[in-house]
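Please look over the sequence and the structure shown here before reading on.

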Amino acid sequence: MLKKRIGSLLTIVLFNVVLILLFSYIYYVMSHELEVLDDRTTKDKIEFIDCLFTSVTIQSSVGYSHLIPIDNNVKMVMILHQILTIFFHIFSITYFIVV
């Protein structure tokens, strides 16, 4: 029973890491449709670490980011990311409490 729980936990962690990296890449590809909200000039290129930071904060349900979507396409991707995160958290909590 314990091995099954550990395997399930590792699967959940792996799935979270995959989602974070996948959405980080998507945000990086769409970085021309993002704006930086800090003291950097807009001429500075958005780096992958910025996209990774945004993805981690969305996935962890913190939601804070210094990247602001300026196009509806990126807004829809961020909404999709948040919805997937909510459903995944609900599934994870239900699985470990009910089963």
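Rings of Phe, Tyr and Trp (its six-membered ring) are taken to pair if their centres lie within 6.5 Å, and a pair counts as stacked with planes under 30 degrees apart, as edge-to-face over 60 and as tilted for the rest. By this rule the count comes to three aromatic pairs. This is a predicted model, in which local features need pLDDT of at least 70 and side-chain atom pairs count only at pLDDT 80 or more, while totals for chains, interfaces and linings use all residues. Residues are numbered from 1 along each chain as its sequence is written, and side-chain values use heavy atoms, with hydrogens and water left out.

**Aromatic pairs**
- Phe15 and Phe88 form a tilted pair, with 4.5 Å from centre to centre and 35° between the planes.
- This pair links distant parts of the chain, since Phe15 lies in helix 1 (residues 2-29) and Phe88 in helix 3, 73 residues apart; helices are DSSP runs of H or I with at least four residues, numbered from the N terminus.
- Phe88 counts as buried at 11% relative accessibility, whereas Phe15 is partly exposed at 38% (buried means under 20% relative accessible area, exposed over 50%, partly exposed in between, with a 1.4 Å probe and protein chains only).
- Phe23 and Tyr27 form another tilted pair, 6.1 Å centre to centre with 40° between the planes, and both lie in helix 1, four residues apart.

**Helix 2**
- The buried residues of helix 2 include Cys51 and Ile58.
- Helix 2 is followed by Ser61, whose phi is positive, near 70°.

**Lys75**
- Lys75 has its place in helix 3 (residues 72-98) and is partly exposed.

Key:
Helix = DSSP H or I, 4+ residues; strand = E, 2+ residues; numbered from the N terminus.
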